[in-house]
Amino acid sequence: MKKINSKITNRIPEFKNREEEARFWETHSFSEFVDELKPVKVKFAKNLSEGITIRFDEVTLNKIRGLAHKKGIGPTTLARMWILEHLQQA
């Protein structure tokens, strides 16, 4: 991180999409940015033994995929989270 006028700035740019980010990391090593990396909290799913299939229309599925992408998770993970939250409230 660079300090400019008492303001800390990241050297890792904001990316418009995954392809742009992939091109950046193809030419850079994460070791150049170790001082900017932060630990993340990781949650692992419990032993999931069975699955169900839920069908959505294309518009709804695209909304779920978009929201999941913003959260950095898969659409099935997001749907499972929503279902479990709803069950806790019931």
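The conversation below sets computed values against the cut-offs behind each label.

Mentor: Please keep in mind throughout that this is a predicted model.

Trainee: Why is K71 called exposed?
Mentor: K71, which has its place in helix 2 (residues 58–71), has a relative accessible area of 56%, and because exposed means over 50%, K71 is given that label.

Trainee: Why does L84 count as partly exposed?
Mentor: L84, found in helix 3 (residues 75–89), has 47% relative accessibility, and since the label covers values between under 20% for buried and over 50% for exposed, L84 counts as partly exposed. L84 also belongs to a nonpolar patch on the surface together with I52, I54, F56, I83 and L87, with about 610 Å² of accessible area together.

Trainee: What makes the pair of D35 and R11 a salt bridge?
Mentor: The closest N and O atoms of D35 and R11 are 2.8 Å apart, and the cut-off is within 4 Å, so the pair qualifies as a salt bridge. This pair links distant parts of the chain, with D35 in the loop between helix 1 (18–26) and helix 2, and R11 in the loop between strand 2 (7–9) and helix 1.

Trainee: How do you know that E36 is buried or exposed?
Mentor: E36 has 7% relative accessibility, and because buried means under 20%, E36 counts as buried. E36 forms a salt bridge with R11, the closest N and O atoms being 2.9 Å apart, and salt bridges that share partners join R11, D35 and E36 into one network.

Conventions:
Residues numbered from 1 in each chain as written. Predicted model: local features only at pLDDT ≥ 70, side-chain atom pairs only at ≥ 80, totals over all residues. Heavy atoms only, no water. Helix = DSSP H or I, 4+ residues; strand = E, 2+ residues; numbered from the N terminus. Buried < 20%, exposed > 50% of the residue type's maximum accessible area, 1.4 Å probe, protein only. Patch = residues over 30% accessible without salt bridge, like charges linked within 9 Å, V, L, I, M, F, W, Y side chains within 5 Å. Areas by Shrake-Rupley, 256 points an atom, 1.4 Å probe, with all protein chains shown as cover. Salt bridge = Lys/Arg side-chain N within 4 Å of Asp/Glu carboxyl O.
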